[in-house]
Amino acid sequence: MEITNVSEYEAIAKEKLPKMVYDYYASGLLLDLFSHNLSMFIGNWFRPRILIDVSKTDMTTTVLGFKLSMPIMIAATAMQKMVHPEGEYATARAASAAGTIMTLSSWATSSVEEVASTGPGIRFFQLYVYKDRNMVAQLVRRAERAGFKAIALTVDTTRLGRREANIKNR
(Lines give C-alpha, C1' and ligand atoms only; values in the text may rest on other atoms or scores of the structure.)
Protein backbone atom coordinates (compact mmCIF):
# COMPACT_ATOMS: atom_id res chain seq x y z
CA MET A 1 0.00 0.00 0.00
CA GLU A 2 1.33 3.41 -0.94
CA ILE A 3 0.81 5.94 1.85
CA THR A 4 -0.38 9.28 0.51
CA ASN A 5 -1.38 11.26 3.62
CA VAL A 6 -1.00 11.51 7.40
CA SER A 7 -4.39 9.93 8.11
CA GLU A 8 -3.21 6.73 6.41
CA TYR A 9 -0.17 6.60 8.70
CA GLU A 10 -2.50 6.89 11.66
CA ALA A 11 -4.71 4.04 10.43
CA ILE A 12 -1.68 1.78 9.85
CA ALA A 13 -0.29 2.63 13.28
CA LYS A 14 -3.61 1.77 14.91
CA GLU A 15 -3.62 -1.57 13.12
CA LYS A 16 0.01 -2.54 13.80
CA LEU A 17 0.91 -1.12 17.24
CA PRO A 18 -0.13 -2.58 20.58
CA LYS A 19 -3.18 -0.70 21.87
CA MET A 20 -1.33 0.93 24.79
CA VAL A 21 1.44 2.20 22.51
CA TYR A 22 -0.98 3.51 19.90
CA ASP A 23 -3.09 5.22 22.57
CA TYR A 24 -0.01 6.88 24.07
CA TYR A 25 0.98 8.49 20.77
CA ALA A 26 -2.55 9.19 19.56
CA SER A 27 -3.71 10.93 22.73
CA GLY A 28 -2.89 14.48 23.63
CA LEU A 29 -2.26 15.82 27.08
CA LEU A 30 -5.63 17.51 27.52
CA LEU A 31 -7.29 17.16 24.13
CA ASP A 32 -6.89 15.36 20.86
CA LEU A 33 -3.80 17.26 19.71
CA PHE A 34 -3.56 15.57 16.32
CA SER A 35 -7.07 16.70 15.35
CA HIS A 36 -6.39 20.18 16.69
CA ASN A 37 -3.05 20.45 14.86
CA LEU A 38 -4.59 19.13 11.65
CA SER A 39 -7.42 21.68 11.78
CA MET A 40 -4.89 24.48 12.39
CA PHE A 41 -2.75 23.28 9.47
CA ILE A 42 -5.76 23.06 7.15
CA GLY A 43 -6.68 26.62 8.11
CA ASN A 44 -3.34 27.93 6.83
CA TRP A 45 -3.05 28.03 3.09
CA PHE A 46 0.04 28.52 1.02
CA ARG A 47 -0.30 31.45 -1.33
CA PRO A 48 0.32 30.10 -4.81
CA ARG A 49 2.36 32.11 -7.28
CA ILE A 50 0.75 31.81 -10.70
CA LEU A 51 2.60 32.01 -14.02
CA ILE A 52 6.10 32.35 -12.60
CA ASP A 53 9.27 30.42 -13.38
CA VAL A 54 9.54 27.42 -11.03
CA SER A 55 12.34 25.65 -12.88
CA LYS A 56 14.73 26.62 -10.05
CA THR A 57 13.23 26.50 -6.60
CA ASP A 58 15.03 26.76 -3.29
CA MET A 59 13.40 25.50 -0.11
CA THR A 60 16.49 25.99 2.05
CA THR A 61 16.24 28.09 5.17
CA THR A 62 18.21 28.74 8.33
CA VAL A 63 17.33 28.10 11.96
CA LEU A 64 19.62 29.64 14.58
CA GLY A 65 22.25 29.98 11.86
CA PHE A 66 22.06 26.35 10.72
CA LYS A 67 21.22 25.82 7.06
CA LEU A 68 18.36 23.38 6.46
CA SER A 69 17.29 21.78 3.20
CA MET A 70 13.66 22.69 3.89
CA PRO A 71 11.58 24.63 6.43
CA ILE A 72 10.76 21.45 8.36
CA MET A 73 12.32 20.11 11.57
CA ILE A 74 11.65 16.92 13.50
CA ALA A 75 10.01 17.72 16.83
CA ALA A 76 10.79 15.94 20.08
CA THR A 77 8.89 12.67 20.28
CA ALA A 78 9.10 10.58 23.45
CA MET A 79 9.91 6.89 23.72
CA GLN A 80 10.36 6.08 20.04
CA LYS A 81 11.61 2.55 20.69
CA MET A 82 8.07 1.65 21.78
CA VAL A 83 7.23 1.90 18.08
CA HIS A 84 10.41 0.64 16.41
CA PRO A 85 13.59 -0.99 17.74
CA GLU A 86 15.77 1.65 16.05
CA GLY A 87 13.74 4.48 17.64
CA GLU A 88 15.66 7.73 17.93
CA TYR A 89 18.67 6.27 16.06
CA ALA A 90 16.63 5.95 12.87
CA THR A 91 15.11 9.41 13.38
CA ALA A 92 18.56 10.96 13.81
CA ARG A 93 19.87 9.28 10.65
CA ALA A 94 16.77 10.30 8.67
CA ALA A 95 17.00 13.93 9.80
CA SER A 96 20.66 14.05 8.83
CA ALA A 97 19.99 12.47 5.43
CA ALA A 98 17.16 14.95 4.81
CA GLY A 99 19.32 17.92 5.82
CA THR A 100 17.17 19.01 8.73
CA ILE A 101 17.23 19.21 12.53
CA MET A 102 16.14 16.51 14.95
CA THR A 103 15.08 17.54 18.45
CA LEU A 104 15.67 14.72 20.94
CA SER A 105 13.04 14.34 23.64
CA SER A 106 13.95 14.46 27.33
CA TRP A 107 11.87 11.29 27.51
CA ALA A 108 13.74 9.51 24.73
CA THR A 109 14.51 5.81 24.86
CA SER A 110 18.06 6.60 23.70
CA SER A 111 20.60 8.83 25.44
CA VAL A 112 22.09 11.97 23.91
CA GLU A 113 25.39 10.10 23.62
CA GLU A 114 23.76 7.18 21.79
CA VAL A 115 21.97 9.48 19.34
CA ALA A 116 25.17 11.46 18.74
CA SER A 117 26.97 8.21 17.89
CA THR A 118 24.66 7.60 14.90
CA GLY A 119 26.67 10.00 12.76
CA PRO A 120 26.66 13.62 11.70
CA GLY A 121 23.65 15.87 12.01
CA ILE A 122 22.26 19.00 13.57
CA ARG A 123 20.52 18.07 16.80
CA PHE A 124 18.68 20.01 19.46
CA PHE A 125 17.78 18.68 22.92
CA GLN A 126 14.31 19.21 24.35
CA LEU A 127 14.54 19.98 28.05
CA TYR A 128 11.99 20.00 30.84
CA VAL A 129 13.07 22.06 33.83
CA TYR A 130 12.78 19.74 36.80
CA LYS A 131 12.83 20.78 40.46
CA ASP A 132 16.27 19.17 40.74
CA ARG A 133 18.27 21.92 39.02
CA ASN A 134 21.49 19.89 39.38
CA MET A 135 19.95 17.16 37.22
CA VAL A 136 18.88 19.81 34.67
CA ALA A 137 22.43 21.19 34.54
CA GLN A 138 23.82 17.68 34.07
CA LEU A 139 21.43 17.02 31.16
CA VAL A 140 22.46 20.28 29.49
CA ARG A 141 26.17 19.48 29.91
CA ARG A 142 25.70 15.98 28.49
CA ALA A 143 23.83 17.35 25.47
CA GLU A 144 26.52 19.96 24.91
CA ARG A 145 29.34 17.38 25.17
CA ALA A 146 27.46 15.13 22.72
CA GLY A 147 27.42 17.94 20.15
CA PHE A 148 23.80 19.06 20.44
CA LYS A 149 23.53 22.62 19.16
CA ALA A 150 20.57 24.09 21.07
CA ILE A 151 18.17 23.51 23.93
CA ALA A 152 14.45 23.46 23.13
CA LEU A 153 13.08 24.49 26.51
CA THR A 154 9.64 23.11 27.35
CA VAL A 155 7.84 25.37 29.81
CA ASP A 156 4.20 24.34 29.42
CA THR A 157 4.36 21.16 31.48
CA THR A 158 4.16 22.34 35.07
CA ARG A 159 2.25 19.16 35.73
CA LEU A 160 1.66 16.09 33.62
CA GLY A 161 -1.44 16.10 31.47
CA ARG A 162 -4.46 13.88 31.84
CA ARG A 163 -4.02 11.31 29.10
CA GLU A 164 -7.41 9.62 29.23
CA ALA A 165 -6.41 6.72 26.98
CA ASN A 166 -3.53 5.89 29.36
CA ILE A 167 -5.91 5.96 32.32
CA LYS A 168 -8.22 3.49 30.57
CA ASN A 169 -5.28 1.21 29.68
CA ARG A 170 -4.13 0.74 33.28
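These are my notebook entries on a predicted model of one chain.

**Entry 1: the whole chain**

I began with the element count. The chain has seven helices and five strands. I read their order from the N terminus as α-α-α-β-β-α-β-α-β-α-β-α. Next I looked up burial, and 25% of the 170 residues count as buried. The chain exposes about 12200 Å², and carbon and sulfur atoms supply 59% of that area. I then turned to contacts between residues at least 6 apart in sequence. Of these, 57% join residues at least 24 apart.

**Entry 2: helix H6**

I took H6 next, residues 133-145. Its 13 residues reach 18 Å from first C-alpha to last, close to the 18 Å expected at 1.5 Å a residue. Which residues of H6 are buried? I found Val-136, Leu-139 and Ala-143. Seen down the helix axis, the buried residues of H6 fall within an arc of 60 degrees, so they line one face.

The face turned away from the buried side carries Glu-144 and Arg-145, both exposed.

I also looked at the two ends. Asp-132 caps the N-terminal end of H6. One of its side-chain oxygens lies 3.1 Å from the backbone nitrogen of Asn-134. Just after H6, Gly-147 takes a positive phi of about 95 degrees.

**Entry 3: helix H4**

I listed the buried residues of H4 as Gly-87, Glu-88, Tyr-89, Thr-91, Ala-92 and Ala-95. S3, H5 and S4 are among the elements that cover them. Gly-99 follows H4, and its phi is positive, near 75 degrees.

**Entry 4: the cores**

I then looked up the nonpolar cores. The largest has twelve residues, including Ala-92, Ala-95, Met-102, Leu-104, Phe-125 and Phe-148. Helix H4 (87-98), strand S3 (101-104), H5, S4 and H6 each give two or more residues to this core. Which element gives the most? H6 does, with three residues. Val-136, Leu-139 and Ala-143, the buried residues I noted in H6, are in this core.

**Entry 5: two single residues**

I looked at Thr-100, in the loop between H4 and S3. Is Thr-100 buried or exposed? Thr-100 counts as buried, because its relative accessibility is 5%. Not counting residues up to four places away in sequence, its contacts are Leu-68, Met-70, Ile-72, Met-73, Ile-74, Ala-95 and Ile-122.

Last I took Tyr-128, in strand S4. At 16% relative accessibility, Tyr-128 counts as buried, since the cut-off is under 20%. I checked its distance to Thr-154, 26 residues away along the chain. The two C-alpha atoms are separated by 5.2 Å.

Technical notes
Residues numbered from 1 in each chain as written. Predicted model: local features only at pLDDT ≥ 70, side-chain atom pairs only at ≥ 80, totals over all residues. Heavy atoms only, no water. Helix = DSSP H or I, 4+ residues; strand = E, 2+ residues; numbered from the N terminus. Expected span 1.5 Å × (residues − 1). Buried < 20%, exposed > 50% of the residue type's maximum accessible area, 1.4 Å probe, protein only. Arc of directions from axis to C-beta. Polar contact = N/O pair within 3.5 Å; in protein donor to acceptor, adjacent residues only side chain to side chain. Core = buried A, V, L, I, M, F, W, Y, C linked by side-chain atoms within 4.5 Å. Contact = heavy atoms within 4.5 Å. Areas by Shrake-Rupley, 256 points an atom, 1.4 Å probe, with all protein chains shown as cover.
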